[in-house]
Amino acid sequence: MQRSMGVEDGARFAFGKNWQSFIDQCLSDERVRLAKESLRALLGMENLEGRTFLDVGCGSGLYSLAAVVLGAEQVTSFDYDGNSVEASEQVRAAYGVPPERWSICQGSILDDRFLAALKPADVVYCWGVAHHTGDMWRALDNLAHKVNPGGLLQLAIYNKIDRPIGGSRFWLKIKRVYNSSSGVVRRAMEYAFVADFILRQLVTLRNPFAAIRNYPKNNRGRGMDFWHDVRDWMGGYPYEFATAGEVFEYLHTCHELQLERLKTVYSIGCNEFVFSAPRQGRLPEPETIVC
């Protein structure tokens, strides 16, 4: 499997600023409820009582809070972006969760020294993060080794679509242009994307404004916000992608993880996975694995 190169900070999209804006404008009990139900359905578990939960790339902190609400014994969250750490701390404070129950720190899934000090967890949650690190396959290696024996790894990875217009490599170019452009050009690109979305809805005889209004419920029930997701999608760089089969083959072959649940898409959206780790006989640490 070909490895990716790291990405300098200046080339990255400011994910944390977007999440901070989301928390300031959109955080509500209803969004927390939707996140809780989404997490419960995705993992196929009624609650997380007695389990530890590791949120890798915690973003807004919304899903770490959902894990707390579902009864996780200990939640640990980290993010590369300092603004995401601040957003998560803001959410923790707003809902009165003690730091002893929910710890938040800044770090990278690609930082071996940071990971060495981080305890493995019963549930490792990494939704839409590994493909934004600049080295997705190494990130998957490190994630696999943070799952307790018999624990679960939840992933969402952008699907790979091979077509010249609207495919994965097409959007890679768009994202590079977006991040290298001025604020005015970025807004214009966002409006063009939304105009295309509205047109597609109308062509298929759907109400685009109802779709935008109901977005928190319709977007797989994740409690997200339409405009913040537009910016996240347009700007989301680094940007990598893989087919569902490639992700399964890599984690099953190289790390002996078993696929428990899978939701696939036929677009450039995210395929969602839940893998379980073997209860014993784990493979050596990632740096010694040859795949």
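Leaving aside its neighbours within four places in sequence, with which residues is F53 in contact? The model is predicted, and in it F53 touches L39, L48, Y63, S64, A67, A72, Q74, V75, T76, A121, V123 and Y125. F53 belongs to the largest nonpolar core, a set of 52 residues. Along with F53, the residues that have the most contacts inside this core are L39, L48, W102 and Y239. Helix α3, residues 62–69, gives the most to the core, with 6 residues. In soluble globular proteins, nonpolar side chains tend to be buried together.

Helix α1 can be taken next. Most of α1 is covered, with 9 of its 12 residues buried. These buried residues are F15, G16, N18, W19, Q20, S21, F22, I23 and C26. They pack against four helices: α2 (29–43), α3, α4 (82–94) and α11 (226–235).

The cysteines are a separate matter. A disulfide is a covalent bond between the sulfur atoms of two cysteines. How many disulfides does a search of the whole structure find? The search finds 0. For C126, the closest cysteine sulfur is that of C270, and because the distance is 10 Å, it is too far for a bond; a disulfide needs the two sulfur atoms within 2.5 Å. C126 is buried, at a relative accessible area of 1%. C270 is buried as well, with a relative accessible area of 9%.

The whole chain can now be considered. The protein chain has 12 helices and 7 strands. Its radius of gyration is 18 Å, close to the 19 Å that the globule rule gives for 291 residues, so the chain is as compact as a globular protein of that length. The C-alpha trace spans about 55 × 45 × 35 Å along its principal axes. Of the 291 residues, 53% count as buried. Among contacts in the chain with a separation of 6 or more, 75% are between residues 24 or more positions apart. The chain exposes about 13800 Å², and carbon and sulfur atoms supply 54% of this area.

Methods: Residues are numbered from 1 along each chain as its sequence is written. This is a predicted model: local features need pLDDT of at least 70, side-chain atom pairs count only at pLDDT 80 or more; totals for chains, interfaces and linings use all residues. Side-chain values use heavy atoms; hydrogens and water are left out. A nonpolar core is a set of buried Ala, Val, Leu, Ile, Met, Phe, Trp, Tyr and Cys residues joined through side-chain atoms within 4.5 Å. Buried means under 20% relative accessible area, exposed over 50%, partly exposed in between (1.4 Å probe, protein chains only). Helices (H or I, at least four residues) and strands (E, at least two) are DSSP runs, numbered from the N terminus. Contact means heavy atoms within 4.5 Å. The radius of gyration is taken over C-alpha atoms; the globule rule is 2.2 Å times the number of residues to the power 0.38. Accessible areas come from the Shrake-Rupley method with a 1.4 Å probe; for residues, only the protein chains shown count as cover.
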